[in-house]
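Here are my notes on this one, point by point. Have the structure open while you read.

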Amino acid sequence: MLITRRRAGESLLIGDAIEVAVLDVSQGRVKLGVSAPSELPVDYKEWRLVKEQNRDASGAVSTAFVQGILETGARRSGEPGFVVEARGGPAEAVRIFGQLKLDST
Amino acid sequence: MSKVDSKLFGALRFEDDQIIHVRSGLPGLRHTDRLLPVSQQAIEPFLFFQSIDDPSLALLAVPLAVAKRDFKLYLSIEDRKEIDFGAGEIEQNQADIGAFALVSVGEDRVPTANLLAPLVISFRNNLAVQAIQQVPESYLRYPIEATVAREAPC
């Protein structure tokens, strides 16, 4: 990883087509300007990671895994099966969620 | 009453006030702006968020506090706007919101919860946002197997 110091108004060039300019620095935040060819996607890193992880979560619900959870749950409850239902709406989730701690920072 | 023919659950009937609206959708996924929470007593504390517009899409999730008991949620001003909460308003009405981590599972791997971007839901208006947290990148795939086993109801 290249580590360097730049001031507001200065830039970095990556190859011939990409420029990263430091536009402003204040209150612990840096305002950047990125010039890049339109075919190159520019994303926040965390945004890109979340996109990929969401796709992983959407495709990875294995029937075997879910069945394993259900069978375990059925053994615990002593019932031969269970009823699939959408019950109570989102407020129902409060019951299993409990109290939330907020980060006030 | 409306109905979605879920690939995972079969026919699910629901009322409009059960729908969770994610105005911006979930990053990287289409048809995730209207979700239906599907809870089953036998699999608590897990639950699913079934897409209403894509019957094949059901996202497994777990309450954030179950995935990591001491997790402190961060909500930016932009995220608060997405669920129609003003600055400081959530702190006064914490019971009005819930947060859930989407779960990734697969054969021969430990289930993980996405603590980097939990789904935060306002129970006041059924609006939700996937709120990116200021946490280490490793929280993207936070192992939950042991945690859930310990927290699951007996």
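1. First, what I mean by a pocket: on a 1 Å grid over the protein atoms alone, it is an open set of points with protein on both sides within 12 Å along at least five of seven lines, and lining residues have an atom within 4 Å of a point. The largest pocket has a volume of about 1,100 Å³. Its lining counts 32 residues, and closest to the centre sit A:Arg29, A:Tyr44, A:Glu46, B:Glu78 and B:Gln134.

2. Before going on, note that this is a predicted model, where local features need pLDDT of at least 70 and side-chain atom pairs pLDDT 80 or more, while totals for chains, interfaces and linings use all residues. Residues are numbered from 1 along each chain as its sequence is written, chains are lettered from A in the order in which they are written, and side-chain values use heavy atoms, without hydrogens or water.

3. Back to that lining. Elements giving two or more residues to it are β1, β2, β3 and α1 of chain A, plus α2 of chain B (helices are DSSP runs of H or I, at least four residues; strands are runs of E, at least two). The most comes from β3(A), with 5 residues. By type, the lining splits into 16 nonpolar, 6 polar and 10 charged, with Gly counted as polar and Tyr as nonpolar.

4. Chain A has 3 helices and 3 strands, in the order β-β-β-α-α-α from the N terminus. Of its 105 residues, 24% count as buried, meaning under 20% relative accessible area with a 1.4 Å probe, protein chains only.

5. Now look at B:Ser6, in strand β1 (residues 2-6) of chain B. B:Ser6 counts as buried because its relative accessibility is 5%. Its side chain makes a polar contact with the side chain of B:Gln50 at 2.8 Å (a pair of N or O atoms within 3.5 Å, one able to donate a hydrogen and the other to accept it; residues adjacent in sequence count only if both atoms are side-chain atoms). A polar atom of that B:Ser6 side chain also lies 3.0 Å from the backbone nitrogen of B:Phe9.

6. B:Thr32 lies in the loop between β3 (20-22) and β4 (34-38) of chain B. With 1% relative accessibility, B:Thr32 counts as buried. Its side chain reaches the backbone nitrogen of B:Leu26 at 2.8 Å and the backbone oxygen of B:Leu29 at 3.2 Å.

Note on methods: Buried means under 20% relative accessible area, exposed over 50%, partly exposed in between (1.4 Å probe, protein chains only). On a 1 Å grid over the protein atoms alone, a cavity is a set of points where a 1.4 Å probe fits but cannot get out, and a pocket is an open set with protein on both sides within 12 Å along at least five of seven lines; lining residues have an atom within 4 Å of a point. Grid points are joined across faces, edges and corners, and a volume is the space filled by probe spheres set on the points.
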